[in-house]
Amino acid sequence: SYYFMAKRRKNRKSIWYKNKHKALISLYGKKCTFYGCVRSANLTLDHVVPKSKQGAGTLSNFQRLCSEHNQEKGDRVIDYRPFLPDQIVLDYENFYR
């Protein structure tokens, strides 16, 4: 039925987000990736390249920002993440699929 399929899609999406959060926590820690910010509450998943600008939904396009810095960033392309070799990000992306 439609209800069952919609519920199943929602569950799949929430599992996907939980896995992305786990991967980003292990990569960048449990705090906002904005320079000098030490907040660890109200963290959100933020697209480095926004979806409105055809940003991908892959781990290499996500960063964790507190809600204040996420709202401040808006739909601009700003990467606040510390440098990590691409291979590490790709390894995490494959592990958390």
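The accessible surface of the protein chain comes to about 6,800 Å², and 56% of that surface belongs to carbon and sulfur atoms; areas come from the Shrake-Rupley method with a 1.4 Å probe, and for residues only the protein chains shown count as cover. The model is a predicted one, in which local features need pLDDT of at least 70 and side-chain atom pairs count only at pLDDT 80 or more, while totals for chains, interfaces and linings use all residues. Residues are numbered from 1 along each chain as its sequence is written, and side-chain values use heavy atoms, with hydrogens and water left out.

**The whole chain**

Begin with a cartoon view, which shows 3 helices and 2 strands in the order α-β-β-α-α from the N terminus. Helices (H or I, at least four residues) and strands (E, at least two) are DSSP runs, numbered from the N terminus. Of the 97 residues, 32% are buried; buried means under 20% relative accessible area, exposed over 50%, and partly exposed in between (1.4 Å probe, protein chains only).

**The strands**

Next, select residues 43-47, strand β1. Because 4 of its 5 residues are buried, β1 is largely enclosed by the rest of the structure. T44 stands opposite L65 of β2.

**The cores**

Now select A23, L24, L27, Y28, L45, L59 and F62, the 7 residues of the largest nonpolar core. Helix α1 (residues 2-28) supplies the largest share of this core, 4 residues. Apart from it lies another core of 6 residues, including C37, L43, L65 and C66. A nonpolar core is a set of buried Ala, Val, Leu, Ile, Met, Phe, Trp, Tyr and Cys residues joined through side-chain atoms within 4.5 Å.

Centre the view on F62, in strand β2. F62 is buried, with a relative accessible area of 1%.

**The loop residue R81**

Finally, select R81 in the loop between α2 (67-73) and α3 (86-95). R81 is buried, at a relative accessible area of 16%. Its side chain forms a polar contact of 2.8 Å with the side chain of D79. A polar contact is a pair of N or O atoms within 3.5 Å; within protein, one must be able to donate a hydrogen and the other to accept it, and residues adjacent in sequence count only if both atoms are side-chain atoms.

Methods:
Pairing = 2+ DSSP bridges.
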